[in-house]
Amino acid sequence: MDETEFWELIDTAREDAGGDPEEQADLLVERLVQLDPESVLDFARHFESRYHRAYTWDLWGAAWVLLDGASDDAFDFFRCWLIGQGREVFEGALHNDPDMLAELLDDFDEEIDGDGEELGYAADEAYEQLTGTVAPDLDLPPGPAEPEGTPIDFENEAQLAERYPRLWSRFRG
């Protein structure tokens with residue numbers, strides 16, 4: 001499975017789920033079990049590598065503003081959700097500026113958005129359904145021990161508002 005196929009699976013599942021991350025995860029599992037086990041592992045590798053790339057202070061700050069706070073676990077689930085938003089949103093937030101999420105996200109429903117925990121388990125679940133065994137190690141380098149970049153004081157609202165002016169204005173202003 002190449003990168004384009006990975007993003008196509010993410011995008012079509014999100015569109016068919018109407019943006020609901022739990023439904024998107026269920027649809028991903030349904031679609032992944034139609035593939036061979038090695039393709040499911042390829043999907044898992046693509047997902048995991050993006051999950052690790054998104055472990056940055058800048059993105060955590062954006063999640064903090066969007067979610068009105070984000071613990072370690074909440075940020076883990078946010079990164080899964082962000083991948084689930086598709087290539088344009090993910091790459092835009094990661095490579096351009098996390099504050100761009102204010103423009104990249106059409107709608108943001110605090111009840112369902114921002115938490116894609118189930119998306120992070122879709123490949124494992126599909127692999128287990130296909131093979132009856134737990135997915136093997138993906139042979140990827142370990143993720144970073146600490147977020148990349150310069151730490152942010154999440155409790156300093158003035159600093160957050162200055163660092164993320166568009167997100168702050170749209171979601172907290």
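Modeller: Let us start with burial: a residue is called buried when its relative accessible area is under 20%, exposed when it is over 50%, and partly exposed in between, as found with a 1.4 Å probe on protein chains only. Helices are DSSP runs of H or I with at least four residues, and strands are runs of E with at least two, both numbered from the N terminus. Please keep in mind that this is a predicted model, in which local features need pLDDT of at least 70 and side-chain atom pairs count only at pLDDT 80 or more, while totals for chains, interfaces and linings use all residues. Residues are numbered from 1 along each chain as its sequence is written, and side-chain values use heavy atoms, with hydrogens and water left out.

Biologist: Which residues of α4 are buried?

Modeller: In helix α4, which runs over residues 57–67, nine of the eleven residues are buried, so that the helix is mostly covered. They are Trp 57, Leu 59, Trp 60, Gly 61, Ala 62, Ala 63, Trp 64, Val 65 and Leu 66.

Biologist: What covers the buried residues of α4?

Modeller: To answer that we need contact, which means heavy atoms within 4.5 Å. By that rule, the cover of the buried residues of α4 includes α5, α6, α7, α9 (157–163) and α10 (165–172). Just after α4 comes Asp 68, which takes a positive phi of about 55°.

Biologist: How does the span of helix α1 agree with its number of residues?

Modeller: The expected span of a helix is 1.5 Å times one less than its number of residues. Helix α1 has 14 residues, 3–16, and should therefore span 20 Å, which agrees with the 20 Å between its end C-alpha atoms.

Biologist: Where do the buried residues of α1 fall, seen down its axis?

Modeller: The buried residues of α1 are Phe 6, Trp 7, Leu 9, Ile 10, Ala 13 and Arg 14. For the view down the axis we use an arc, which is that of the directions from the helix axis to the C-beta atoms. In α1 the buried residues fall within an arc of 155°, so they line one face of the helix. Their cover includes α2 (21–32), α3 (37–53), α5 (72–84) and α6 (87–96).

Biologist: At what angle do the axes of α1 and α3 cross?

Modeller: Axes are lines fitted to C-alpha atoms, for helices over the stretch in contact, and angles run from 0 to 180 degrees between N-to-C directions. Angles under 35 degrees count as roughly parallel, over 145 as roughly antiparallel, 65 to 115 as roughly perpendicular and the rest as oblique. The axes of α1 and α3 come within 10 Å and cross at roughly 85°, which makes α1 roughly perpendicular to α3. Here Glu 3, Phe 6, Trp 7, Leu 9 and Ile 10 of α1 meet Phe 43, His 46, Phe 47 and Arg 50 of α3.

Biologist: Which residues make the contact between α1 and α6?

Modeller: The axes of α1 and α6 are 10 Å apart, and the helices pack at an angle of about 110°; they are therefore roughly perpendicular to each other. Glu 3, Thr 4, Trp 7 and Asp 11 of α1 make the contact with Arg 87, Phe 90 and Glu 91 of α6.

Biologist: Is Glu 91 buried or exposed?

Modeller: Glu 91, which lies in helix α6, is buried, with a relative accessible area of 18%. Leaving aside neighbours within four places in sequence, Glu 91 is in contact with Trp 7, Arg 53 and Asn 96, and a polar contact of 3.2 Å joins the side chains of Glu 91 and Arg 53.

Biologist: Is Ser 169 buried or exposed?

Modeller: Ser 169, found in helix α10, is exposed, with a relative accessible area of 54%.

Terms used. A polar contact is a pair of N or O atoms within 3.5 Å; within protein, one must be able to donate a hydrogen and the other to accept it, and residues adjacent in sequence count only if both atoms are side-chain atoms.
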